[in-house]
Amino acid sequence: MFSLTVRRHFMIAHSLPREAFGPAQALHGATFVTEVSFRRRALNDDAIVLDIGAAGTIIEKVLAGLNYRNLDEHPDFEGKLSTTEALAQYIADAVAAQIRDDVDGRELSGLDVTLRENPDAWATYTLDFE
């Protein structure tokens, strides 16, 4: 299995209005380092998993819809908690939707999205295509 990981970051505001989240119940900001790992069983004819530039463009397009947004007001999160784990899944699903029509994207076996909220805490969502 081969993988290619591309990293970007985005900033959001949100609240997590449940007692379990303590002070994070109030509106606060967060900067997430986003790592998307694209997985493939065999390299393509160019001996790569996916073009790094194309992968970065896809990620940037997905993150543009979140960057500098208050997720409490984002229509895709209406009635949902925007936890780190939930954001990782959201990004994975959105990236997968972007690559489904791409020739190399159809050959991928899955992807992993890791969101690093700080140097000591992160969450990963794994999406298998098979």
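Is threonine 84 buried or exposed?

1. Threonine 84 counts as buried because its relative accessibility is 12%; buried means under 20% relative accessible area, exposed over 50% and partly exposed in between, with a 1.4 Å probe and protein chains only. This is a predicted model, in which local features need pLDDT of at least 70, side-chain atom pairs count only at pLDDT 80 or more, and totals for chains, interfaces and linings use all residues. Residues are numbered from 1 along each chain as its sequence is written, and side-chain values use heavy atoms, with hydrogens and water left out.

2. Threonine 84 belongs to helix H2, residues 84-99 (helices are DSSP runs of H or I, at least four residues, numbered from the N terminus). Beyond its neighbours within four places in sequence, threonine 84 is in contact with Phe32, Leu115, Glu117 and Ala123 (contact means heavy atoms within 4.5 Å).

3. Helix H1 covers residues 52-64, and its axis comes within 10 Å of that of H2, crossing at roughly 130° (axes are lines fitted to C-alpha atoms over the stretch in contact, and angles run from 0 to 180 degrees between N-to-C directions). H1 is therefore oblique to H2: angles under 35 degrees count as roughly parallel, over 145 as roughly antiparallel, 65 to 115 as roughly perpendicular and the rest as oblique.

4. From H1, Ile58, Lys61, Val62 and Leu63 meet Ile91, Ala94, Val95, Gln98 and Ile99 of H2.

5. Alanine 54 also lies in H1 and is partly exposed, at 33% relative accessible area.

Key:
Helix = DSSP H or I, 4+ residues; strand = E, 2+ residues; numbered from the N terminus.
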